[in-house]
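Colleague: Hi! Could you walk me through this one? I'd like to chat about it piece by piece.

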Amino acid sequence: MSSDDHKRGYHQERGETPPPPSGCPVHQTWSPLNDDYLADPYEIAIQLQADHPTFYSQQLNYLVVTEMDEIDRIFTDHETFASVNVQDPVFPLSAEAQDVLAVPDYNPIAVMSNRPEPDHGRIRHFTRQGFSNRRIQTLEPYIRRRSNELIDTMMEAGSPAEFVEAFGFPLPGETVFRFIGFPETDDDQLKVWCAERKGFSWGNPTGAEQARIAADMVSYWRYCREFVAQKREHRGDDLASELITAHENHPDDLTYREVESIIYGLSFAGHEAVTALICNTLQCLLPRRDQWDQICNDPSLIPNAIEEVLRFNSSQISWRRITATDTTVGGFDVPAGTGIFLNFASAHRQTDIWDDPDKFDIHRPNANRHIAFGKGVHFCLGAKFAKFETGLMLEVLAERLPSLRLVEQAFDYFPNITFRGPEQLHLAWD
Ligand code: HEM
C-alpha cells in the first residue's frame, strides 16, 4: 500500500490554473455548457477543430484538444498526462457544500479513474477480476426480466410514454446495484442518492444545489461503508464479496478503505452513461426506420449498432486530464498543472478515420474505432458490461415493441461538460 493512500480524497478542489500557453489560440466564449453546444455539439465541435485543433477555453480554463491522434497520445502517456482531476468539480464548490463534505466520516479515497500509478494498477488488478465475463453474464436473466417488467408497466400505462423515467434511468442503476450486490429493497433510495452526481463534478450547479448533492454523497458513502461491513459477514456471488475476499487474502495490496471506495465510485460510473447510451441508441435508430427494422429482424446486428451509437452520438463526449510535468500539447509548450479537455465530439466525426462520418450506419466496418471508453491504463473497466447490458435491453425492446417510434418533441440536455443523453424521450407504439 502506498504512503499517500489516505491523502488524496475522491474529489479535489481545483487549484490555481496556469495562464493560456504562449502562442496558443484563446477562445473567449465557447464552453461545452453553452446552450447551442448542449443542444447539438457536433457541428460546433467540427468547426472548432477546423479553426484550431488545440485551443484554450477562457470559459473553462482548460486547454481543448480536438483531434484523435493527439487525444490518443495524451490518453496513452499517463505519466505526463495525469487523470487525478477527472472526478473533480469543474467550478469551485460553495462554502456550504464544502461544509457538508467536511464531516469527519466523509472520507472516500481515489481508487480507479482518478488514482495515479502505481496504485491504480494495483487496485485495478483486483477490480478487473470482479468484472469477469462470467460475472457479467450472470446478470442476463435479471436484465431480461426487469426489461420485460418495465416494458409491461410502460405498456399498461399506454402509449405514448416518457422512456427515461419508465426504463432508461431505472434499469442501468438496478443492474449495477445487482452487480455490486446491493439489495433490491434499497434501489429507490440508492437511485435518489446517486441521481445528481453528474451535476456536481461535471456541471455548474448553484451553491445550494452543490450542498444538496454533497449531502446525498455523504449519505451514500455512509451507506457504502455499512454495506461493506455487512457483506463481510454475509458473502454472495457479487463484486463486493469478491473484493472483500481479495482484501482478506491480500490486505497489503488492497486495503479495506479501497474496497469501500471502489463500491462508492462504481454506482455512478456504471449508471449515468448507460442510461444515456440506451436513450441515444433509440434516438439514433427509431427515426432511421430501415435500420431499426433490420435490428428487429436480426438481433446479431445489435453489437455493431451500439458501437456506432458510441461514435455518432456518444453518451460521453469528453474527458479530462491534467499535465503532471511541463510538456507540449498540439505543438504548444504547456506548464505542469494545465487542465486538458479531450473533445471526443470532434474526434468522432473525423473524415480521415470514418467515411461520411456524419452519417449513422449500423453496418460501418470501423465503428468501434471510437474513444467513448477512453484509452490506456484507465480504459473503462465497464465497457464490456455497458455494451452487454445495452445490447440485451435493446434486444428485448425490439422484440416486444417493433412499432416503437419517437414522438415529435424537442430534446433537453442536462448542462454538463461530459455526459450526453436526452433528459426525456417520449416514445409511442401501436
Ligand atoms: C456507455 C457507458 C460508459 C461509458 C461511455 C464509459 C466511459 C468511460 C470513460 C471515458 C472512462 C475513462 C477512461 C480513461 O480515463 O481513459 C471510464 C472509466 C471507468 N469506467 Fe466507464 N463508461 C461506461 C460504463 C461503465 C460501466 C457500466 C461501468 C461499471 C459497471 C464503468 C466503470 C468504469 C470504471 C471503474 C472506470 C475507471 C477505470 C480505471 O481508471 O481503471 N463504466 N469509463
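Modeller: Happy to. A word on terms to begin with: helices (H or I, at least four residues) and strands (E, at least two) are DSSP runs, numbered from the N terminus. This is a predicted model, so local features need pLDDT of at least 70 and side-chain atom pairs count only at pLDDT 80 or more, while totals for chains, interfaces and linings use all residues. Residues are numbered from 1 along each chain as its sequence is written.

Colleague: Thanks. Where is the place of Pro 41?

Modeller: Pro 41 sits in helix H2, which covers residues 41–51.

Colleague: And why does Pro 41 count as buried?

Modeller: Because Pro 41 has 24 C-beta neighbours inside 10 Å. A residue is buried if 20 or more other C-beta atoms lie within 10 Å of its own, exposed if 12 or fewer, and partly exposed in between, with C-beta atoms placed from the backbone.

Colleague: What is Pro 41 in contact with, leaving aside neighbours within four places in sequence?

Modeller: Ile 317 and Ala 345. Contact here is for two residues whose C-beta atoms, placed from the backbone, lie within 7 Å.

Colleague: Let's move on to the cores. How many residues has the largest nonpolar core?

Modeller: That core has 73 residues, and those with the most contacts inside it include Leu 63, Ile 71, Phe 163 and Met 393. Its largest share, 9 residues, comes from helix H19 (residues 383–400). Apart from this core lies another of 39 residues, with Ala 110 and Leu 266 among them. A nonpolar core is a set of buried Ala, Val, Leu, Ile, Met, Phe, Trp, Tyr and Cys residues joined through C-beta atoms within 7 Å.

Colleague: Nice. In what order do the strands of the open sheet run?

Modeller: The 6 strands go E1-E2-E3-E9-E6-E4, with mixed pairing. Strands E1 (26–27) and E4 (81–82) are at the edges with a single partner strand each, so one side of each has no neighbour in the sheet. Two strands pair if DSSP finds at least two bridges between them. E1 and E2 (residues 54–57) pair in the parallel sense over 2 bridges.

Colleague: Last topic, the ligand. Which residues come nearest?

Modeller: Of the 27 residues around the ligand, Gly 270, Gly 374, His 378, Cys 380 and Gly 382 come nearest. A residue is near a molecule or strand if its C-beta atom, placed from the backbone, lies within 6 Å of it.

Colleague: Which helix gives the most to that shell?

Modeller: H15, with 3 residues.
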